[in-house]
Amino acid sequence: MSYVVVGLIAVVSGVILCFGGRTVFRIILSVWGAFVGFTLGGSLVSSFTGEPPFTTVLGWVISVLMALLFAGLAYGFYVLAVIIAIGSIGYSLGAGLGIALGASGTVVVVIGVLAALLLAGAALATNLPDVLLTILTALTGAAAIVAGIMLVVGVAEPSDLTETSLRDFVVQQPWWWTAMYAVLAIAGMVVQHRAGRGESMRSFWPAR
């Protein structure tokens with residue numbers, strides 16, 4: 001049952017991120033921040049207790065608290081929101097690259113952190129280009145949707161998703177999962193582009 005709950009959270013977060021990344025960005029950041037905090041909390045407790053993620057009361061309590069903390073920070077502070085959202089995407093891409101190059105363990109984590117810092121810094125320096133944001137949110141949202149569905153139907157476990165990035169995990173599966181990911185990502189890009197046509201991304205950010 002816990003896997004189903006985690007899967008549903010991933011699906012909901014992924015749908016919002018994939019199809020609404022440009023137009024409801026501040027809310028997206030809060031939802032994505034909550035998802036990042038939730039999964040991070042579960043992974044941290046698992047690393048200390050040795051138990052699988054989300055299988056203990058302590059794991060769930062810490063995960064929920066981390067989710068609320070990250071969601072609150074993401075909603076209230078623009079800079080932290082950008083770091084959480086874009087940084088998590090950068091980590092996912094960097095870790096995936098490290099795994100593709102044959103790295104493992106600490107090396108993968110280091111590559112992921114460096115990629116997170118570089119992507120977040122570039123995004124802030126360039127005022128978060130619309131095209132980059134649309135592509136990244138659509139790709140990451142689509143991966144979260146597919147991974148969430150896999151959790152719900154019992155094809156994957158939360159521990160599978162902590163060992164690699166969502167995107168790399170999805171594309172390593174049978175072709176129909178990869179095809180679903182590709183269709184969702186393209187659809188997300190198209191929907192976001194049409195919804196935000198003629199508007200700048202910065203028009204949705206509160207002045208700070």
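These are my notebook entries on a predicted model of a single chain.

**Overall fold**

I started with the secondary structure and got nine helices and zero strands. Reading along the sequence, I wrote the pattern down as α-α-α-α-α-α-α-α-α. The chain has 208 residues, and 43% of them are buried. Next I looked at contacts between residues at least 6 apart in sequence, and 73% of those join residues at least 24 apart. For the accessible surface I noted about 10100 Å², with 74% of that belonging to carbon and sulfur atoms.

**Nonpolar cores**

I had a general point in mind here: in soluble globular proteins, nonpolar side chains tend to be buried together. So which residues touch the most other members of the largest nonpolar core? My list reads Ala142, Val146, Met150, Ala156, Val170, Tyr181 and Leu184, out of 18 residues in that core. I then checked which elements give two or more residues to it, and found α1 (2-20), α6 (130-152), α8 (166-171) and α9 (175-195). Helix α6 gives the most, with seven residues. There is also a second, separate core of nine residues, and Ala10, Trp32, Phe70 and Ile84 are among them.

Helix α5, residues 106-125, gives the most to the patch, with five residues. Is Leu117 buried or exposed? Its relative accessibility is 59%, and the cut-off for exposed is over 50%, so I logged Leu117 as exposed.

**Aromatic pairs**

I counted two aromatic pairs in the structure. The one I took up to begin with is Phe38 with Trp60: the ring centres are 5.5 Å apart and the planes sit at 65°. Edge-to-face needs planes over 60 degrees apart, so that is what I called this pair. Phe38 lies in helix α2 (residues 25-49) and Trp60 in helix α3 (residues 57-76), so the pair ties together parts that are 22 residues apart in sequence. Phe38 has 6% relative accessibility and counts as buried, while Trp60 has 25% and counts as partly exposed.

The other pair I wrote down is Trp175 with Trp176. Here the ring centres are 6.0 Å apart and the planes are at 80°, so I noted edge-to-face for this pair as well. Trp175 is exposed, with a relative accessible area of 64%. Trp176 is partly exposed, with a relative accessible area of 46%.

Is Ser46 buried or exposed? The relative accessible area is 17%, and buried means under 20%, so Ser46 goes down as buried. I also looked up the spacing from Ser46 to Leu58, twelve residues apart along the chain. Their C-alpha atoms are separated by 9.7 Å.

Methods:
Residues numbered from 1 in each chain as written. Predicted model: local features only at pLDDT ≥ 70, side-chain atom pairs only at ≥ 80, totals over all residues. Heavy atoms only, no water. Core = buried A, V, L, I, M, F, W, Y, C linked by side-chain atoms within 4.5 Å. Buried < 20%, exposed > 50% of the residue type's maximum accessible area, 1.4 Å probe, protein only. Helix = DSSP H or I, 4+ residues; strand = E, 2+ residues; numbered from the N terminus. Contact = heavy atoms within 4.5 Å. Areas by Shrake-Rupley, 256 points an atom, 1.4 Å probe, with all protein chains shown as cover. Phe/Tyr/Trp six-rings, centres within 6.5 Å; stacked < 30°, edge-to-face > 60°.
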